[in-house]
Amino acid sequence: MTITVIGDNTGDDFSGTEDTWLKEDSPTINQNGSTLSTRLDTFLARDYAIVLKFSGLSNISASEIVSAAAIMMYLVGGASLAATIEVRRLLRTIVETQATWNIAATSLSWTASGARSDGNDRSGTLTASTLVTSTASWYVFSSAQLITDCQNEVDGTNPIRGHLFEQTSLEDAGKNFAASEGTDGQRPYVSVTHAVGVSGIVPFRRRIEGY
């Protein structure tokens with residue numbers, strides 16, 4: 001059994017992360033940088049969402065069976081109250097230096113701005129949901145559905161397109177996470193447990209940072 005960590009931190013097994021965030025009140029501006037933000041603000045039309053793709057999953061052999069998976073994101077700031085962030089699989093291919101609230105990439109618009117169209121921009125199936133507090137630390141996004149998502153990307157059933165992270169509770173209580181261009185040791189990563197012919201959920205690797 002092998003545990004592969006994909007991210008852009010020193011010591012990760014493979015690099016290959018694309019991430020940015022979508023900003024409703026700046027719908028044509030790419031937000032790629034050192035942080036990633038979520039926010040729910042339906043009153044002033046200032047929702048924010050994160051798109052995150054681990055292209056390094058292509059380094060895992062298509063014959064491998066994924067038995068555990070966890071996406072890890074490090075909170076660097078935001079509102080003091082806790083908020084829920086939901087994750088769904090992306091159905092369009094993003095380019096981190098091009099994606100905005102209006103488009104996934106140049107000449108590739110979202111069906112609904114902010115990647116909100118189920119079945120077109122994102123899957124209607126919930127991949128994971130996590131309550132994020134104000135504590136600066138690692139937050140885990142993990143589920144049986146994430147295992148399925150990673151398996152399908154590893155074996156080629158689905159293209160590697162990543163996930164949308166959308167805040168679904170607590171108006172105007174945004175959360176800020178380190179991006180792949182952020183501080184080394186705080187950049188997002190995915191931990192995947194896999195082996196040939198092995199299935200079933202097992203714990204993912206605990207890292208120095210806490211997971």
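Reply: This is a predicted model. From the N terminus on, its elements run β-β-β-β-β-β-β-β-β-β-α-β-β-β. The chain has 1 helix and 13 strands.

Me: Why is the chain called as compact as a globular protein of its length?

Reply: The globule rule gives 17 Å for 211 residues, and the radius of gyration of the chain is 16 Å, close to that value, so the label applies. Along the principal axes, the C-alpha trace spans about 50 × 35 × 25 Å.

Me: What share of the residues in the chain is buried, and what makes a residue count as buried?

Reply: A residue counts as buried when its relative accessible area is under 20%. Buried residues make up 50% of the 211 residues.

Me: Which share of the contacts joins residues at least 24 apart in sequence?

Reply: Of the contacts between residues at least 6 apart, 76% join residues at least 24 apart.

Me: What makes the largest set of nonpolar residues a core?

Reply: A nonpolar core requires buried residues of the nonpolar kinds, such as Ile, Met and Phe, joined through side-chain atoms within 4.5 Å. The largest set that passes has 29 residues, and Ile50, Ile71, Met73, Phe141, Phe165 and Phe177 have the most contacts inside it. Two or more of its residues come from each of β4 (48-54), β5 (65-78), β6 (83-90), β9 (122-132), β10 (138-141), α1 (144-154) and β13 (189-195). The largest share, 5 residues, is given by β5. In soluble globular proteins, nonpolar side chains tend to be buried together.

Me: Which residues does Phe177 touch?

Reply: Leaving out residues up to four places away in sequence, Phe177 touches Ser34, Thr35, Leu36, Ile50, Met73, Tyr74, Leu75, Val76, Ile85, Val132 and Tyr139.

Me: Which residues line the largest cavity, and how do they divide by class?

Reply: The lining consists of Leu52, Phe54, Leu57, Ile71, Cys150, Glu153, Ile160, Gly162, His163 and Val190. By class, 7 are nonpolar, 2 polar and 1 charged. Gly counts as polar and Glu as charged. β4 and α1 each supply at least two residues of this lining.

Definitions and conventions
Residues are numbered from 1 along each chain as its sequence is written. This is a predicted model: local features need pLDDT of at least 70, side-chain atom pairs count only at pLDDT 80 or more; totals for chains, interfaces and linings use all residues. Side-chain values use heavy atoms; hydrogens and water are left out. Buried means under 20% relative accessible area, exposed over 50%, partly exposed in between (1.4 Å probe, protein chains only). Helices (H or I, at least four residues) and strands (E, at least two) are DSSP runs, numbered from the N terminus. Contact means heavy atoms within 4.5 Å. On a 1 Å grid over the protein atoms alone, a cavity is a set of points where a 1.4 Å probe fits but cannot get out, and a pocket is an open set with protein on both sides within 12 Å along at least five of seven lines; lining residues have an atom within 4 Å of a point. The radius of gyration is taken over C-alpha atoms; the globule rule is 2.2 Å times the number of residues to the power 0.38.
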